[in-house]
Amino acid sequence: MSITKRIDAITLIPEERRLPAPPAPRSVKIELTGRCNYRCSFCALRSRASQPAGDMDFKLFKRITQEMREAGVEEIGLFFLGESFMAKQLLCNAVWFLKHQMPNPMPYVFLTTNGSLADAHTVDDLMAAGLDSLKWSINAADAEQFAQIMQVKPALWELSLQNLRWAREVRDSHKYATRIYASSIKYDGEQHEKMEKLLTERVRPYVDEHYWLPLYSMGAVATQREEELGYKPIAGNQGRIGALREPLPCWSCFSEGHVTASGKLSACCFDADGRFAMADLNEVTFMDGWHNATFQALRARHLQKDVTGTVCEGCIAYA
């Protein structure tokens, strides 16, 4: 199955999941670390006063992923908001556990990265461990723009592209089964033309599939930065270009789980500060959290397409 078909299967929210207490999600994203080496203007992480110091406890990771698999989860994304390559050993251990040590191995394990820390050695370890999908997020057409939007040194732009080329060489030389993808924000006008040139010359030759995402905002700070840069975000996370969804009900509440590095089950894929936390998986099982009263009440409001007075009211999708 292509990556875009997998995405669409989540954002569509199948009818059997449009319930206050839906079945276990098909997919769950788990934040191995809340840390990131970028400061992207459009990311919710910019709203954090400081980066968290710790990463996910591996014992907690093993317990909740086994609970997820027993409940019917088929896909685990080893990222949420943080950059997982900042916790390389934990990342490699997580892939190995999911694919080789669980009694019933996870069918599909995927990862999205900014690419700057995805060195060939670590990528080799991940692919050898059985990582099914590795996706680069590429959202700047040149080093100067990269430094402006990502708020980090421009050399990381070139390094990310080099790492993509090396990842393809590692995959092909060892005949690993890992699929390599890339996604980009679809800007308008001249910026789109610049991105197309970059993608044609330095990205698409090394990936199995590339797709476009809308420019969405992940928080008030990000919205301010986007206004400064002249890029207008769409409302909320409505999926990919070519298959955008209505903002209500939000797929994040129904068909994909999101777990922070501290073990909180969140209702929102933009949750950088914990305001959307529905349960603490340090204290309850995954399915108890997925079906608890707080989460069910929020989903009921989404199904009514009226989130007034809920934690979701302030989301840019409904502002």
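## Helices α2 and α3

In this predicted model, the crossing of helix α2 and helix α3 is right-handed. The residues that make the contact are Phe-58, Phe-61, Lys-62, Thr-65 and Gln-66 on the α2 side, and Leu-90, Asn-93, Ala-94, Phe-97 and Leu-98 on the α3 side. Sorted by class, the contact of α2 with α3 consists of six nonpolar residues, three polar residues and one charged residue.

Helix α2 spans residues 58-71 and helix α3 spans residues 88-101, and the two pack with their axes 11 Å apart, at an angle of about 30°. Because angles under 35 degrees count as roughly parallel, α2 and α3 are described as roughly parallel to each other.

## Helices α4 and α6

A second pair is formed by helix α4, which covers residues 120-129, and helix α6, which covers residues 155-174. Their axes lie 9 Å apart and meet at an angle of about 45°, which makes α4 oblique to α6. The crossing of α4 and α6 is right-handed.

From α4, the contact draws on Ala-120, Val-123, Asp-124 and Met-127, while α6 contributes Trp-166, Ala-167, Val-170, Arg-171 and His-174. By class, the contact of α4 with α6 holds six nonpolar residues, one polar residue and two charged residues.

How values were computed
Residues numbered from 1 in each chain as written. Predicted model: local features only at pLDDT ≥ 70, side-chain atom pairs only at ≥ 80, totals over all residues. Heavy atoms only, no water. Axes fitted to C-alpha atoms, helices over the stretch in contact; angles between N-to-C directions. Helix = DSSP H or I, 4+ residues; strand = E, 2+ residues; numbered from the N terminus. Parallel < 35°, antiparallel > 145°, perpendicular 65-115°, else oblique. Left-handed = near helix turned anticlockwise from the far one by under 90°. Contact = heavy atoms within 4.5 Å. Nonpolar A, V, L, I, M, F, W, Y, C, P; charged D, E, K, R; others polar.
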